[in-house]
Amino acid sequence: MPKLIEITNLRVGYIGNTEWSLKGIDLAIEPGEFVAIVGPTNAGKTTLCRCLCGLVPHSYHTAMEGRVIIGGDDTRHCSVAYISQNHLRYVFEDPESQFIGMSVEEEVSFSLETLNLNHQEMEERVSWALEKVRMSGFRHKSPSELSGGQKQRVAIASALATKPKILVLDEPTAELDPIGKSEVYEIIDVLAQETDLTIIIVDQHIEEIVKYATRIILMVEGQIRLDASPRNFFLDVPLLQEIGIHVPQVTELDTLLKQHLSREWLDDGPLPLTLDESYIQVKTMLQGYSPPPLDHPQSRIEQSRPIIDVVNLSHRYPDGTLALDNVNLRIGERDFMAIIGENGSGKTTLTKHFNNLLVPTTGQVFVCGVETWKQDQKNLISTVGYVFQNPDHQLCCLTVEEELSYGLDKLGWEEERKKAKVEELLFSFNLGDYRTLHPHFLSKADRQRLAIAEVLAMEPEVIVVDEPTTGFDAKESHAVLRLLTNLNKAGKTIIIVTHEMELVARYVPRTIVMWKGRILLDDNTRIVFSQVDLLQKSFLKPPQITRLAQRLWGNDHHDASVLTQEEMCAILVKIMEEREVKSNVKL
């Protein structure tokens, strides 16, 4: 019996590249499967998605060998429109690249135009899809006026509304708030159960995927390295970490415990993949023992001389949206802070005021003691460097090398100094092989890396990075945060906007939570992640390992959250050592 999807010896190469992006892919997928595809950056995941929907070979300059059969149709002989109408819907990695409607409602409706639905059913589907992704109140707004995460929600709604046979999603939750990520997976899973929907999803984060996927496929350097059930996929956690896979924190915790504790203290049950499974495992191991006292850090001490001072700032967009509502904020020299919050909470709007990309409707913003609107734009940009959420909004040159030189030319750097800085950045950001390529030929992760390097080239005192790790694998994500940490230690003020709670917990000392254009929390990161109710209100949730500790011990240590799996391992090892002393049982 033929499979729903059959891929045979698939090879794909992009014009201008010397190597194949896909190197002999063989893959078969049955109806109703939920298949997750993971892998490091540039593994070929997006290229495989493009092959499934027919964009390769029809819409990209590629060389293609092998066959891709969807529902009995060879994609070589079918148009992209035919595949979309009869077989599958594709949600792009970059949602902006698929928008054509003038409003959110029109965008979702457009995806239904070819289905010959009556007006009432179209309206019902549009309303249903927008409600599912929490965008019902935005149906008359232009997609261009939405935040990155809101755009992603609209793209997902457009695909869901068509109720396709196959749904292919490329990094669909990369820019969503934590609860939004969970909601999207829950919606897709319900659809799959109700309609026998086949799902193929590319995502760097597996924490949510493991709850629903029937198979997880690991791609490395254009090849399928592993194709297994979720349980079997994680049999070699150290290998996955070395490759760059975002392993669930509770799974990493189990690996750490096995390195530090005797087997007699650990049950022989399956490797925990979810918070529920880990909770049962650790609860059984503890057998009623309480944790040792945790440190209780003081609230954040007032910063040194402010480098950015926000006073009674409000901002209203031309369509009437009040994005910031009387915000007051002081950012000190050498501060390292994260701004978190649900999609559309005002995070990006706030940071764009720091270098006059936006001007206050009311209120004031001071940089180095001077209001932003009074400063020369050239000097302000050299003081506050800004990396956009979408790197395409700041890349404008014909080659990677020219892009890195662009800001330095504007600042009047001497040629020799400029060349040395460009070479340094090409090496530091692994962009040397791409120096002569047009930036838009790079993957989104590589474009993001280039955008960060371009801003760092100008050596600003303040570095603002909006979603610095979108689309990055685990190794690259940690490398970017270590780079920012080192820059902070060297004296730079670092501000990141992110939905990556695990990275915030591990690297960032101070965290601000925004909600409906206001600052809801501003404190030590440990204390912020202990405020579960306020985070829930903001559609946020602490990292998985923090939630495990909170579930085990409630709020007894509410002002000293466990932030990393290493911290949790140390606590559990200490408990077991105390038990050894009391019971004279050797670990």
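Mentor: The questions below concern a predicted model.

Trainee: How are the rings of F34 and Y212 arranged: stacked, edge-to-face or tilted?

Mentor: The count comes to five aromatic pairs. For F34 and Y212, the ring centres are 6.4 Å apart and the planes meet at 20 degrees. Planes under 30 degrees apart count as stacked, so this pair is stacked.

Trainee: Which cluster do ring pairs form with F34 and Y212?

Mentor: Both F34 and Y212 are buried. Ring pairs link these two with one further residue, giving a cluster of F34, Y212 and Y185.

Trainee: Over which ring does the charged end of R134 sit?

Mentor: A charge must be within 6 Å of the ring centre to count. The charged end of R134 is 3.7 Å from the centre of its ring, which belongs to F539.

Trainee: Which residue in β14 is the bridge partner of D309?

Mentor: Strand β11 (residues 306-316) joins β12 (residues 322-332) in the antiparallel sense through seven bridges. β11 also pairs with β14 (residues 362-367), again antiparallel, over five bridges. In β14, the bridge partner of D309 is F366.

Technical notes. Residues are numbered from 1 along each chain as its sequence is written. This is a predicted model: local features need pLDDT of at least 70, side-chain atom pairs count only at pLDDT 80 or more; totals for chains, interfaces and linings use all residues. Side-chain values use heavy atoms; hydrogens and water are left out. Rings of Phe, Tyr and Trp (its six-membered ring) pair if their centres lie within 6.5 Å; planes under 30 degrees apart count as stacked, over 60 as edge-to-face and the rest as tilted. Buried means under 20% relative accessible area, exposed over 50%, partly exposed in between (1.4 Å probe, protein chains only). A charge sits over a ring if NZ of Lys or CZ of Arg is within 6 Å of the ring centre and within 35 degrees of the ring normal. Two strands pair if DSSP finds at least two bridges between them. Helices (H or I, at least four residues) and strands (E, at least two) are DSSP runs, numbered from the N terminus.
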